[in-house]
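Colleague: I have a model open and want to learn how to read it. Where do we start?

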Amino acid sequence: MPLPPPPPPAPPAPPPGPKERLYKLLVIGDLGVGKTSLIKRYVHQNFSPHYRATIGVDFALKVLSWDPETVVRLQLWDIAGQERFGNMTRVYYREAMGAFIVFDVTRPATFEAVTKWKEDLDAKLTLPSGQPVPTILLANKCDQTNEVLVNNGIKMEQFCQENGFVGWFETSAKENINIDEASRCLVRHIIASESDPVQPVEADVVKPHLNSSKPTSCSSCFRS
Ligand SMILES: Nc1nc2c(ncn2[C@@H]2O[C@H](COP(=O)(O)OP(=O)(O)OP(=O)(O)O)[C@@H](O)[C@H]2O)c(=O)[nH]1
Ligand SMILES: [Mg+2]
């Protein structure tokens with residue numbers, strides 16, 4: 001009897017797909033500073049001037065092509081400003097890898113609350129290495145004229161260093177200013193803290209840009 005034909009050769013293995021990284025990021029700060037608007041702009045590319053307070057927490061997912069080999073998925077936790085006075089933040093913060101703390105440049109009280117949010121965060125969340133999670137300060141609504149708070153970039157830098165922020169950006173959800181930049185900066189710090197947890201990257205030095213058509217970059221993130 002003739003032998004059966006040999007089986008066809010196995011198809012070549014498909015090329016390995018991109019690596020995926022998933023990070024939970026927190027977006028916190030006082031009522032009405034623009035957390036939901038920043039996320040909406042970042043994820044859905046739109047903006048509404050109407051204010052509807054977030055109740056509890058909302059979620060959004062942003063997928064970034066980080067580099068040719070890596071896709072980064074950002075799970076954004078939009079925590080209601082009123083939660084600072086509740087007792088759920090410990091639950092919401094769990095397993096987050098990075099955070100944005102947002103204030104409204106037109107309302108000084110929201111800047112004063114930044115240190116309270118940071119203390120709450122650091123008291124309730126640390127990385128497995130024991131370090132605080134990388135956190136970026138966002139001075140939002142920079143499209144508004146009243147920018148007295150952030151016009152002094154040196155003071156802001158000092159504030160960031162003293163309070164453990166890895167950088168800060170002036171942002172506008174309305175005009176789509178610096179949101180992508182701030183997010184890439186945070187992801188870069190998270191990746192650095194994962195690969196070398198003992199040596200956190202240097203704090204960023206970000207000069208406020210007075211001409212809002214030029215996006216500010218995070219100097220450490222774009223350092224080669
Ligand atoms: N001009 C201007 N207005 C903004 C900007 N971002 C948000 N707003 C407005 O500020 C108000 C509050 O924005 P939200 O995004 O709902 O604020 P929030 O921080 O999510 O507030 P809570 O959910 O209550 O914690 C809304 O009327 C927005 O349209 C901005 O960059 N520029
Ligand atoms: Mg909200």
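Modeller: Start with burial. A residue counts as buried when its relative accessible area is under 20%. Keep in mind that this is a predicted model.

Colleague: Which residues of α6 are buried?

Modeller: First the general idea. An α-helix has 3.6 residues a turn, so residues three or four places apart point the same way. Now the case here. The buried residues of α6 are Ile 179, Ala 182, Ser 183, Cys 185, Leu 186, Val 187, His 189, Ile 190, Ile 191, Ala 192 and Ser 193.

Colleague: How many residues does helix α6 have, and what does it reach from its first C-alpha to its last?

Modeller: Helix α6 covers residues 179-195, which is 17 residues. It reaches 25 Å, close to the 24 Å expected at 1.5 Å a residue.

Colleague: Next, charges. How many salt bridges does the count come to?

Modeller: The rule asks for a Lys or Arg side-chain nitrogen within 4 Å of a carboxyl oxygen of Asp or Glu. By this rule the count is seven. One of them pairs Glu 20 with Arg 73, with the closest N and O atoms 2.8 Å apart.

Colleague: Which parts does that pair tie together?

Modeller: Glu 20 sits in strand β1 (residues 19-29) and Arg 73 in strand β3 (residues 70-79), so the bridge links parts that are 53 residues apart in sequence. Arg 73 is partly exposed, at 29% relative accessibility.

Colleague: Asp 104 next. Is it buried or exposed?

Modeller: Asp 104 is buried, with a relative accessible area of 1%. It forms a salt bridge with Lys 141, closest N and O atoms 3.1 Å apart. Asp 104 lies in strand β4 (residues 98-104) and Lys 141 in the loop between β5 (135-140) and α5 (153-163), so this pair ties together parts 37 residues apart in sequence. Lys 141 counts as partly exposed, at 23%.

Colleague: Which residues are joined into one network?

Modeller: Shared partners join Asp 104, Arg 107 and Lys 141. The side chains of Arg 107 and Asp 104 meet at 3.1 Å, N to O. Arg 107 is partly exposed, at 34%.

Colleague: Last, confidence. Where does pLDDT stay under 50?

Modeller: Where pLDDT is low, the predicted coordinates should not be read in detail. Here pLDDT stays under 50 over residues 199-217, with 45 contacts in the model beyond four places in sequence. Over residues 219-224 it is also below 50, with 14 contacts beyond near neighbours in sequence.

Colleague: And the protein as a whole?

Modeller: The average pLDDT is 85, and 80% of the residues score at least 70.

Terms used. Residues are numbered from 1 along each chain as its sequence is written. Chains are lettered from A and ligands numbered from 1 in the order in which they are written. Side-chain values use heavy atoms; hydrogens and water are left out. Helices (H or I, at least four residues) and strands (E, at least two) are DSSP runs, numbered from the N terminus. The expected span of a helix is 1.5 Å times one less than its number of residues. Buried means under 20% relative accessible area, exposed over 50%, partly exposed in between (1.4 Å probe, protein chains only). pLDDT is the predictor's confidence in each residue, from 0 to 100. Contact means heavy atoms within 4.5 Å.
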